[in-house]
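Welcome! Here is a friendly briefing to read with the sequence and the 3D view side by side. Take a look at the structure first, then follow the topics below.

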Amino acid sequence: MSDPEPIATAREDGRATLTEAEGKRLLASAGVETTDFRVCVDADAAVEAAAAIGYPVVVKVASPEVTHKSDWAGGIGVAVGLDSPEAVRDAAAEILAAAEERGIAADVLVEEAMDVDRGTEVIVGGVRDPSFGPVVLTGLGGVFTEIFEDTTHRIAPIDHAEARSAIDELRAAELLYGYRGSDPADVDALAAAVVAVGDLVVGHPIAELDVNPLLTTADGVIALDALVVLEDV
Amino acid sequence: MATRSEVVLFALSNSVVGPRLSSSVSGSRHPSQCTTVRTRWENALPLFDEAWGVSLTHLFEPSGVAVVGASRTEGKIGYVAMANATNFEGPVSPVNPSESGELFGSEFVPSVTEIDEPVDLALCCVPGPAMPDVLEECGAAGIGAAVIYASGFAEAGGDGAKLQEAIVEVADEHGISLLGPNTSGFLVPATDLRCSFASGVEEVPPGNTAVVAQSGGVAHVLAFQSRRQRRGVSAMVGLGNRANVGFAEAIEYFDGDDRTDSIVLHIEGTDDGRRLLEACRESDTPVIAYKVGQSDVGAFAESHTGALTGDHEVYTAGFAQYGVPTVDATDDLLDAAAALGNAPTPSGPNVGVVTAQAGPGIIVTDRIQRAGGRLPELTVETKQRVDEILPGITYDDNPVDTGRPMPEFGEVVTAVAEDDRVDIVLVYELFEAALGFPVDTLGGLADRVDKPVLFATEGIEEELESERDALAAAGVPIFETPERAADAAGVLARYARLHADEAGGAGGRPPSGGSRGADGEVGRRE
């Protein structure tokens with residue numbers, strides 16, 4: 001099996017880190033739904049893309065040299081809730097100017113805005129453990145992972161039932177099953193994404209893959225961001 | 001014994017055993033390839049793979065033994081190893097070119113190539129640098145296994161690592177299994193094969209648990225504990241640096257060993273975790289693991305058997321995924337082995353408890369639920385049966401509390417054991433000299449109802465000894481405290497959950513649907 005296009009492109013460029021767009025294309029190729037997005041070279045293209053995607057949108061810096069987009073350039077790397085052509089144009093122009101100032105090659109990514117309150121933010125990660133090889137990690141987003149370390153691990157590849165057990169073992173799994181009247185999340189779709197992330201790490205030279213967050217709603221899951229780091233060649 | 005040799009170490013040992021998955025995975029690769037990490041040397045040595053099973057047979061079931069570096073000087077390893085080895089039923093030959101005459105009734109020979117009797121196993125009590133030559137001679141003599149006690153190999157880094165590579169090369173060429181280096185050896189008490197230089201190993205009794213420890217020191221801790229618990233071991237192995245015999249090879253061997261009914265693992269870390277897990281999954285014999293290193297013990301452990309300790313959470317999750325319950329103490333390991341190795345495999349996590357005293361029963365009840373078990377309500381029929389046996393009984397649901405030892409105690413246990421809602425039976429009773437234990441009732445009960453029946457008691461040791469031995473002889477696993485019995489029942493419950501797929505369903509994973517069962521609640525605490 002040859003590597004999918006996003007990985008091949010990064011390899012050709014001599015990059016170990018995939019851009020967000022490449023990461024999302026990789027996820028999409030594995031059957032994990034992602035937000036609709038376009039990569040644009042200038043502000044005009046960004047405005048066109050926003051019209052095609054539909055407002056509101058998110059505009060992000062798109063560069064292999066920027067992995068922590070929201071921390072970049074004083075916080076202008078991610079602009080959310082943009083609901084007009086003017087807002088998109090300004091955000092895109094600001095990002096491109098900051099990139100030029102810093103001497104890095106950058107595009108802008110225009111992306112469908114998601115209402116994160118519609119669901120639960122979940123983290124699905126894949127790593128290559130020195131002793132066990134591909135391992136897939138599942139955790140609930142934000143404080144649940146960062147403070148409570150509420151994550152579970154499985155040696156990949158795994159089947160659907162194993163992925164369900166990895167989800168159900170989370171201490172805060174109740175949140176996914178309808179908490180205080182919220183709709184139960186589509187846990188089977190989440191399990192399918194956990195399986196897919198494990199399979200990606202098993203099947204390709206990926207050192208680390210973070211889908212953070214994966215918005216899990218009653219109608220399915222959607223990856224809002226993706227970070228993929230390849231193994232050393 | 002935790003010898004000084006075990007304490008000065010380093011991190012390369014497994015690089016010579018199996019390729020590291022991290023570096024060997026490049027480009028596309030099917031997951032099943034991960035199950036055959038041995039491939040690399042199988043390809044290099046096509047004959048060695050066929051000889052593989054035979055090789056560990058040479059180690060653990062030799063026709064004869066050579067003690068290389070045997071010495072007349074008391075206190076030297078070459079003397080102690082010879083002294084312990086001579087208990088073996090087959091011929092044991094002292095090998096030393098500087099000695100002559102006899103030692104423990106056997107004639108010294110200058111080289112393993114000059115032993116007239118059949119010999120499969122060399123116990124090497126010589127310094128590390130002499131090992132490549134010794135192994136060449138072993139190869140020439142057709143010896144299939146060697147124990148290397150010396151340290152100063154991979155764990156020492158630099159030249160030591162090169163020396164380890166050199167001995168593995170020679171061993172591979174001749175198809176020799178190497179236990180160690182940097183180990184204190186192994187025991188097979190049933191055949192009096194006592195290849196350790198620790199004092200007291202001749203007292204370790206035969207049992208049906210195979211102890212496979214990364215550390216020779218921990219192997220001995222477990223072996224001596226098993227003696228105090230009157231359980232014994234089918235074998236005790238300290239793997240040390242795992243030059244070419246590691247966890248997977250040991251598990252494969254003991255799974256096929258008739259004397260072994262359970263396998264316990266002590267693990268500090270291995271670079272080849274996936275192969276270890278695959279071996280566990282392949283084993284029909286229950287495996288229980290104790291992975292040390294929930295806190296950061298990395299540097300000390302690496303300096304010990306030269307292995308990375310790894311992410312404890314990944315180990316624990318991996319073991320559960322591959323059907324291996326984990327515990328957190330050496331005595332828990334042997335208790336779990338006693339439960340899993342001496343009872344029918346439970347078909348679910350539901351524990352029925354019968355106690356003659358309320359207090360210990362409450363401890364058991366509390367503990368079992370935290371350990372992964374579940375206490376089901378008994379059926380109406382069982383409660384009626386119990387009420388008929390003991391009108392006005394203290395408490396007729398689960399746990400059933402008879403209030404005191406009594407002649408009818410065995411009948412009550414039988415009623416609970418025959419309850420369809422119960423998968424595992426735990427009995428607690430303080431010893432009452434006038435009544436003894438219900439040996440006749442408990443003996444054979446587990447087999448008849450096809451469920452584990454665990455028994456825990458307390459009393460004056462000398463008074464209850466004969467009754468206890470009678471119970472043990474009847475095949476009942478016995479535990480020393482209410483907590484340890486409850487924890488053992490918890491391991492059985494977890495084992496049942498982890499193997500629910502094979503058993504055909506009871507217990508098992510949380511249902512895949514919206515709601516989560518109590519199984520999920522408890523199971524996740526593994």
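Predicted model: local features only at pLDDT ≥ 70, side-chain atom pairs only at ≥ 80, totals over all residues.

Residues are numbered from 1 along each chain as its sequence is written, and chains are lettered from A and ligands numbered from 1 in the order in which they are written.

- In general, most residues other than glycine have a negative phi, and most peptide bonds are trans.
- B:Asp192 has a positive phi, near 55°, and is a residue other than glycine.
- B:Asp192 counts as partly exposed because it has 16 C-beta neighbours inside 10 Å; a residue is buried if 20 or more other C-beta atoms lie within 10 Å of its own, exposed if 12 or fewer, and partly exposed in between, with C-beta atoms placed from the backbone.
- B:Phe104 also has a positive phi, near 50°, and belongs to the loop between strand S3 (102-103) and strand S4 (106-107) of chain B.
- With 14 C-beta neighbours inside 10 Å, B:Phe104 is partly exposed.
- A cis peptide bond, with omega near 0°, runs from B:Asn398 to B:Pro399, and B:Pro399 lies in the loop between helix H14 (380-389) and strand S15 (400-401) of chain B.
- In chain A, the bond joining A:Asn212 and A:Pro213 is cis, with omega about 0°; A:Pro213 lies in strand S8 (residues 206-217) of chain A.

**A sheet in chain B and its helix**

- Strands of a sheet pair through backbone hydrogen bonds, either parallel or antiparallel.
- Six strands of chain B form an open sheet with mixed pairing, in the order S9-S8-S11-S10-S12-S13; two strands pair if DSSP finds at least two bridges between them.
- The edges are strand S9 (193-196) and strand S13 (287-291) of chain B, each pairing on one side only.
- From one strand to the next, the twist averages 15°; axes are lines fitted to C-alpha atoms, for helices over the stretch in contact, and angles run from 0 to 180 degrees between N-to-C directions.
- Strand S8 (residues 185-188) and strand S11 (residues 233-238) of chain B pair in the antiparallel sense over two bridges, and B:Leu187 stands opposite B:Met236 in S11(B).
- Helix H8 (residues 247-255) of chain B packs on the sheet and touches strand S10 (206-213), S11, strand S12 (262-267) and S13 of chain B.
- The direction of H8(B) makes about 165° with that of S10(B).

**Buried helices and cores**

- How many of the nine residues of H8(B) are buried? Seven are, so H8(B) is largely enclosed by the rest of the structure.
- The buried residues of H8(B) include B:Phe247, B:Ile251 and B:Phe254.
- Helix H9 (residues 273-282) of chain B is largely enclosed too, because eight of its ten residues are buried; among them are B:Arg274, B:Arg275 and B:Glu278.
- The largest nonpolar core has 196 residues, and B:Leu426 is one of those that touch the most other members; such a core is a set of buried Ala, Val, Leu, Ile, Met, Phe, Trp, Tyr and Cys residues joined through C-beta atoms within 7 Å.
- A second, separate core of 25 residues includes A:Val57 and A:Trp72.

**Domains**

- Chain B is assigned domain 1 (4-339) and domain 2 (344-503); domain bounds come from an automatic or database domain assignment.
- Between these domains of chain B, 13 residues of domain 1 are in contact with 14 residues of domain 2, contact meaning that the C-beta atoms of two residues, placed from the backbone, lie within 7 Å.
- Helix H12 (residues 330-341) of chain B supplies the largest share of the domain 1 side that touches domain 2 of chain B, six residues.
- Chain A is divided into domain 1 (5-32 + 116-230) and domain 2 (37-112), and the C-alpha centres of these domains of chain A lie 25 Å apart.
- The contact in chain A takes seven residues from domain 1 and seven residues from domain 2.

Note on methods:
Helix = DSSP H or I, 4+ residues; strand = E, 2+ residues; numbered from the N terminus.
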